[in-house]
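This report goes through one protein model, from the overall make-up of the chain to selected residues. The sequence and structure come first.

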Amino acid sequence: MATLGPEAARPPLSQLGSSPSIQNLPPNRGLERALEEAAASGVLNLSSRKLKEFPRTAANHDLTDTVEADLSKNRLTDVPSEICQLVALETLNLYHNCIRTIPDSIISLQSLTSLNLSRNQLGALPACLCGLPLRVLNASNNKLVSLPETIGQLHNLMELDISCNEITALPRHISRLRALRELNVRRNLLCVLPEDLSELPLVKFDFSCNKVSTIPVCYRKMKHLQSLQLENNPLQSPPAQICIKGKVHIFKYLSIEACRSDKMPDSLYLPVVERLSLSRPTTGRSVQPCTAQSHGPAWGRH
């Protein structure tokens, strides 16, 4: 084949490479072997091959039964359409590429339970992604500024990693992720933690390196939590001297604050009533001084 003349000087090359895209591919022999193994085993490994597009020679192999695909550490700028046709796919690794957008066609992967989009150039996650049966989603080290409001539809999601992005707030519906066990929002721009997170069965929670000043008192209800990472936040409640002592002391502080909050309505309400009563012109005796005295400490605190 005359078109192979320029390539013949770069060993080793396979005789199967008749496509013009061969110049963008690694040595064909190894690539073809990977495609053959994928057709036989259901596991496609094309990691670290400097790919800019999905191999055209893949059309010569039956990959319909592929359940695991690893395209990490390549030069892909988008998710290959060929990948979205592998409807049996359960695990997809796109780590460390140059992907900027996720196509809506990814919704066809209705068997996909694990998706790694880490270290790409994503500015947003499409709503259609939330229509997949994902259990693990890693979108760390991108350029995300928010999460889709539909994220609450990921009812099977157990692990969510959105660390190292530019997210300023978590969507309200994140509290609907009732299966979530691990949440990593490290190194973002969060100022407030949603109170509804306390209703989730989180085992690991990392919100370190953000701008959070207050841990909601209701977080004391996180009975399953084993690992809590919160360093490098301007925390004021609990104060730093409490936080450095660890989760047990943090939860104790939150419990004490909760008790104070529970007593707040009565202790605030009674003095107001007393002030209103004392401001009225009265004649005769009154028990108000005694009442004020009995509630004096509470009033004084507020």
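## Basis

The model is predicted; local features need pLDDT of at least 70, side-chain atom pairs count only at pLDDT 80 or more, and totals for chains, interfaces and linings use all residues. Residues are numbered from 1 along each chain as its sequence is written, and side-chain values use heavy atoms, with hydrogens and water left out.

## Chain make-up

The protein chain has five helices and nine strands. Helices (H or I, at least four residues) and strands (E, at least two) are DSSP runs, numbered from the N terminus. Read from the N terminus, the order of the elements is α-β-β-β-β-β-β-β-β-β-α-α-α-α.

Of the 302 residues of the protein chain, 44% count as buried. Buried means under 20% relative accessible area, exposed means over 50%, and partly exposed is in between, with a 1.4 Å probe and protein chains only. A contact is a pair of residues with heavy atoms within 4.5 Å. Among contacts between residues at least 6 apart in sequence, 26% join residues at least 24 apart.

## Nonpolar core

A nonpolar core is a set of buried Ala, Val, Leu, Ile, Met, Phe, Trp, Tyr and Cys residues joined through side-chain atoms within 4.5 Å. The largest one holds 72 residues, of which Leu160 and Phe205 touch the most other members. Helix H1 (28-41), helix H2 (240-243) and helix H3 (247-278) are the elements that give two or more residues to this core. At least three residues of this core come from each of domain 1 (29-121) and domain 2 (133-261); the domain bounds come from an automatic or database domain assignment.

Phe205 is buried, with a relative accessible area of 1%. Leaving aside neighbours within four places in sequence, Phe205 is in contact with Leu183, Val185, Leu193, Leu197, Tyr219, Leu225, Ser227, Leu228 and Gln229.

## Aromatic rings

A pair of aromatic rings is described by the distance of the centres and the angle of the planes. Rings of Phe, Tyr and Trp (its six-membered ring) pair if their centres lie within 6.5 Å; planes under 30 degrees apart count as stacked, over 60 as edge-to-face and the rest as tilted. The structure holds two aromatic pairs. In one, the ring centres of Phe205 and Phe207 are 5.3 Å apart and the planes are at 40°, so the pair is tilted. Phe207 is buried at 1% relative accessibility.

The rings of Phe205 and Tyr219 have their centres 6.4 Å apart and their planes at 55°, so this pair is tilted. Tyr219 is buried at 3% relative accessibility.

Elsewhere, Lys247 lies over the face of Phe251, at 5.2 Å from the ring centre. A charge sits over a ring if NZ of Lys or CZ of Arg is within 6 Å of the ring centre and within 35 degrees of the ring normal.

## Cysteines

The whole structure has zero disulfides, a disulfide being a pair of cysteine sulfur atoms within 2.5 Å. Cys130 is in no disulfide, and the nearest cysteine sulfur, that of Cys128, is 8.2 Å away. Cys130 is buried, at 4% relative accessibility. For Cys164, the closest cysteine sulfur is in Cys209 at 8.1 Å, too far for a bond.

## Loop residues

Ala88 sits in the loop between strand E2 (68-70) and strand E3 (91-93), and Val87 lies in the loop between E2 and E3 as well. Ala88 is partly exposed at 24% relative accessible area, and Val87 is partly exposed at 48%. Not counting residues up to four places away in sequence, Ala88 is in contact with Thr64, Asp65, Thr66, Val67 and Ser111, while Val87 touches Ser108, Leu109 and Ser111. The C-alpha atoms of Ala88 and Gln110, 22 residues apart along the chain, are separated by 7.8 Å. Val87 and Asp65 are 22 residues apart in sequence, with 8.1 Å from C-alpha to C-alpha.

Ser163 lies in the loop between strand E6 (159-161) and strand E7 (182-184). Ser163 is buried, at 6% relative accessibility. Its contacts, leaving aside neighbours within four places in sequence, are Ser140, Asn141, Asn184, Val185, Arg186, Arg187 and Asn188.
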